[in-house]
Amino acid sequence: MDFSEFNDRYQSDLTDCALETLAVRAGQVRTLEAEHSEPMFLSSSYVFNSAAEAEARFSGEAKGNVYSRYTNPTVRTFEDRLAAMEGAEACVATASGMAAIYATCLAHLEAGDHLICSSSVFGSTVKLFEAYLRKFNIEVDYADLLDPADWQSKIKSNTRILYLESPSNPLNDIADIQALADIAHKAGALLVVDNCFCTPVLQQPLRFGADIVVHSATKYIDGQGRCLGGAALGSQELIEPIIGVLRTAGPTMSPFNAWVFLKGLETLHLRMRAHCDNALYLARWLEQHPKVTNVNYCGLESHPSHTLAKLQQSHFGGVLSFEVMGGKQGAWHVIDNTRMISITANLGDAKTTITHPATTTHSRLTEEVRNKTGITQGLLRVAVGLENVEDIKRDLARGLDTIN
Ligand SMILES: *Cc1c(COP(=O)(O)O)cnc(C)c1O
């Protein structure tokens, strides 16, 4: 029996649907069991009906699964759903966010190429570029996220990738994605955007000219701090070589994790809205607090990137940072007086987290660079979770109110 008419019944009319609908329904292919929820295919390999079928599958002449390092139905469902949400032609899932970034580099860079990276990206991304890409004779330069002219001035004849995150962590600076895409394309390079902080619910970088979007699904897509995963998205032409790297090198997504992420995608729009509402409320409160000297949240009218954030994003995100009086002592006092908020550098979780960037995520930088880039000793980052916002506020206020 063929259930294709069954899938036609449920899948054929999704093309014009809104993101919330795609998040719940896109990519699902029902099996002969007519299950309602997506099944989890924990199978490393697949069987064939005959030697001839095996030959046809291996040669690629016949479509179908061969081995789960290449394709897996649960992973495929996750990829198709995320692609629909990002407005991407193609998506490939990876074992982690870092796997998505390095597979993208391996696929699209060669020895002798040049990459320009925003000076404020995830620490492991910098480590990947510095410790490993350089080993293969790939040049790396850094540019100011806020200054397209700086990127333009660093373009060389061998520049192949411009790489950024927006908003930046922890200062919430916003890149002009369209301007940087134009600079990249004029130079024959690709613009790669890490969309982990926004997710497709808040921002779809491909619409502003980005060529490839990478994700750490570990953060908001999971949303509850359980699984590691990632993805790269873009045109079929650009994603195909990344699939090639992953199939051969191996850091593909496990079907179990794909299933967890699929469930995460179904509620992503509701959760992102709640993260954003809580973050904006806290940012406004912190801005008025006598012991707080500065709040970095792009949802505040006072933030230098506010206008651009409104243009590129549907909402302002769940991560904010703020500077307290008393430097490191003041900042640590706030952390050590929390009773509920988790002291961890993770983000994108239902649980609110707090971290002191200068001594954790940004401790590798020199004091001079930190001060120049705004990662001062008094700075705290909060990844706002889904608890009642008054409870989060009370937990922060305990330390804040008693800074001396
Ligand atoms: C966490 C993170 C990554 C890396 O993702 P993993 O899933 O931990 O490998 C990349 N970029 C950003 C912005 C992140 O927050």
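Q: How much space lies in the second largest pocket?
A: This is a predicted model, in which local features need pLDDT of at least 70, side-chain atom pairs count only at pLDDT 80 or more, and totals for chains, interfaces and linings use all residues. Residues are numbered from 1 along each chain as its sequence is written, and side-chain values use heavy atoms, with hydrogens and water left out. On a 1 Å grid over the protein atoms alone, a pocket is an open set of points with protein on both sides within 12 Å along at least five of seven lines; grid points are joined across faces, edges and corners, and a volume is the space filled by probe spheres set on the points. For the second largest pocket, this space is about 1000 Å³.

Q: Which residues lie nearest the centre of the second largest pocket?
A: Lining residues have an atom within 4 Å of a point, and 43 residues line this pocket. Nearest the centre lie Ser119, Ser120, Val121, Phe122 and His362.

Q: Which element gives the most to the lining of the largest pocket?
A: The largest pocket has a volume of about 1200 Å³. Of its 47 lining residues, Asn65, Thr71, Asn72, Arg76 and Glu79 are the closest to its centre. The elements that give two or more residues are H1 (4-11), H3, H4 (73-86), E1 (90-94) and H10 (236-249). With nine residues, the element that gives the most is H4.

Q: How many charged residues are in the lining of the largest pocket?
A: Asp, Glu, Lys and Arg count as charged; Ala, Val, Leu, Ile, Met, Phe, Trp, Tyr, Cys and Pro count as nonpolar, and the others, Gly among them, as polar. By this division the lining has 20 nonpolar and 16 polar residues, and the number of charged residues is 11.

Q: What is the volume of the largest cavity?
A: A cavity is a set of grid points where a 1.4 Å probe fits but cannot get out, and the structure holds one of 30 Å³ or more. The lining of the largest cavity consists of Pro167, Asn172, Phe197, Tyr220, Phe316, Gly317, Gly318 and Val319, of which five are nonpolar, three polar and none charged. Its volume is about 50 Å³.

Q: Which residue is joined to Pro170 by a cis peptide bond?
A: Most peptide bonds are trans. In the loop between strand E4 (159-165) and helix H8 (177-186), where Pro167 is placed, a cis bond joins Ser166 and Pro167, with omega about 0°. Pro170 lies in that loop between E4 and H8 too, and its cis bond, again with omega about 0°, is to Asn169.

Q: Is Asn172 buried or exposed?
A: Asn172 lies in the loop between E4 and H8, and its phi is near 65°, a positive value in a residue other than glycine. Buried means under 20% relative accessible area, exposed over 50%, and partly exposed in between (1.4 Å probe, protein chains only). Because its relative accessibility is 2%, Asn172 counts as buried.

Q: Which residue's backbone oxygen does the side chain of Asn278 reach?
A: Asn278 is placed in helix H11 (255-288) and is buried, with a relative accessible area of 12%. Leaving out residues up to four places away in sequence, Asn278 touches Val384, Gly385, Leu386, Glu387, Val389 and Ile392, where contact means heavy atoms within 4.5 Å. At 3.0 Å, its side chain reaches the backbone oxygen of Gly385.

Q: Which strands stand at the edges of the five-stranded open sheet?
A: The sheet has the order E8-E9-E12-E11-E10, with mixed pairing; two strands pair if DSSP finds at least two bridges between them. Each edge strand has a single partner strand, so one side of it is left without a neighbour in the sheet; these strands are E8 (292-296) and E10 (342-343).

Q: Which residue of E12 is the bridge partner of Ser321?
A: Five of the five residues of E12 (379-383) are buried, so this strand is largely enclosed by the rest of the structure. E12 pairs antiparallel with E11 over three bridges, and Thr353 stands opposite Ala383. Five bridges join E9 (319-324) to E12, also antiparallel, and there the partner of Ser321 is Arg381.

Technical notes. Helix = DSSP H or I, 4+ residues; strand = E, 2+ residues; numbered from the N terminus. Polar contact = N/O pair within 3.5 Å; in protein donor to acceptor, adjacent residues only side chain to side chain.
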